[in-house]
Amino acid sequence: MTRSAVHLNRDEPAVEAIDVVRSYDLGAGRVAALRGVSLRIMPGDHLSIVGPSGSGKSTLMHLLGGLDRPTGGELRIGGRDIRTLTAPELADLRNRTIGFVFQSFHLLPRTSAVENVALPLVYRGTGARQRRARAVETLTRVGLGHRLDHRPNQLSGGEQQRVAIARALVTDPAVLLADEPTGNLDSVTGESVLALLEELNTERGVAVVLVTHDRSLAARTRRQVIIRDGLIATDSPVPPRAVAAPEIVDAAPSAEPRFASGSESGHPSGGSGGAAGATGRLRPSHPLPMPRRGGSR
Ligand SMILES: Nc1ncnc2c1ncn2[C@@H]1O[C@H](COP(=O)(O)OP(=O)(O)O)[C@@H](O)[C@H]1O
Ligand SMILES: [Mg+2]
C-alpha cells in the first residue's frame with residue numbers, strides 16, 4: 001500500500017460538487033457543458049451516471065477527479081475546495097485520492113504492463129523497488145500476474161483495460177472514476193471488467209463511479225444518476241431487486257454486444273451536478289478499508 005493515500009472520513013463526501021458549472025468559450029460563443037450540478041460521492045459509494053451522448057458525463061467525471069476545474073460553483077475533493085489549491089497541489093491530491101479508467105485505456109504504448117501500472121507511483125516519489133512490487137501485486141490482483149512484461153499491443157482489449165484498472169488502483173485511491181470502461185470491449189470481456197469494479201467496491205470499499213450508456217449496466221449499481229443536457233435529472237437508489245446479480249445475469253442475453261457505440265469524447269471539462277446525493281447503499285455496513293494516507297497538507 002502506498003502510504004500517502006489521503007485518509008477520508010467515511011461520513012463525509014469523498015468528492016462533492018456544489019452547483020457546478022462548466023462552460024467553454026468557443027469563438028462563436030459559450031457552450032455550457034454543465035449548468036449547475038450538485039453531487040456527492042460518499043466513501044464506499046457505488047453509482048452509475050447515465051445520459052445521452054453530449055449530456056456532460058465526461059465533463060463531470062473530469063471535474064470530479066480534479067482533472068479540470070469548474071467555471072462556477074464549488075468542487076471539493078477529500079473535503080478540500082479545489083479553488084484553494086495550486087495546480088501541483090491539485091495534482092497531488094488527485095494522485096492520492098482518485099483513480100481513473102477511460103474507455104480507450106490510455107496506456108503508454110511502448111511500455112510494459114508493470115511499468116504502466118507503476119507510473120503513478122513515480123509522481124509520489126515511491127522508490128523503484130517498491131513501485132515494481134506494488135505494480136506486480138496490483139496486476140496480480142486484477143488477474144494479470146502472468147502478463148507483467150507484455151506491452152499494450154500484446155494484450156487483448158480486456159487485458160489492457162485490466163492494466164488500466166491496475167494503474168488506477170496502484171495508488172490505493174478511495175474513489176475510482178470509470179468513464180465508459182466497457183465501451184470498447186465485447187460483452188463477455190466487458191462483463192469481467194464490470195465484475196472486477198464491483199468486487200473492488202464490495203470487497204475493498206473503493207467508491208466506484210461508472211459512466212455508461214447501458215441501462216442494464218447502470219441498474220447494477222446501488223445508485224443511479226441520470227444526466228441530461230448538463231443537469232442532473234434524477235439521482236436515486238436502484239431498487240434492491242435490480243441489484244440482485246442472478247436476475248441481471250439471466251436477463252442479459254449474452255449474445256448482445258454492449259458496445260457504447262462510439263460516442264466517446266473525453267474532454268477534460270468540468271462537472272456540475274443537479275441533485276444532491278442520496279447514497280442509495282444497500283450494504284452500508286461493509287468495512288471501509290480506507291488507507292491511512294499520511295498526506296501532505
Ligand atoms: N473541450 C471542450 N470544448 C468545447 N466543448 C466541449 C468540450 N468538452 C465538452 N464539450 C461539450 O460539452 C458537452 C458535453 O460533453 P461531454 O461531457 O463529453 O458529454 P458526454 O460525455 O456525456 O458525451 C458537449 O456538447 C460537448 O461538445
Ligand atoms: Mg463521454
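Predicted model: local features only at pLDDT ≥ 70, side-chain atom pairs only at ≥ 80, totals over all residues.
Local features need pLDDT of at least 70, side-chain atom pairs count only at pLDDT 80 or more, and totals for chains, interfaces and linings use all residues. Residues are numbered from 1 along each chain as its sequence is written.

Q: In what order do the six strands of the open sheet run?
A: Strands here are DSSP runs (E, at least two residues; helices are H or I, at least four), numbered from the N terminus. Two strands pair if DSSP finds at least two bridges between them. With mixed pairing, the order comes out as E6-E7-E8-E3-E9-E10.

Q: Which strands stand at the edges of the sheet?
A: Look for strands with a single partner, since one side of each is then left without a neighbour in the sheet. That picks out E6 (98–102) and E10 (231–237).

Q: Is Asp172 buried or exposed?
A: Asp172 sits in the loop between H5 and E7, and its phi is positive, about 65 degrees, though it isn't a glycine. Most residues other than glycine have a negative phi. Buried means under 20% relative accessible area, exposed over 50%, partly exposed in between (1.4 Å probe, protein chains only). At 11% relative accessibility, Asp172 is therefore buried.

Q: What is the relative accessibility of Glu180?
A: Glu180 belongs to the loop between E7 and H6, with a positive phi near 50 degrees. Glu180 counts as buried because its relative accessibility is 3%.

Key: Chains lettered and ligands numbered in written order. Heavy atoms only, no water.
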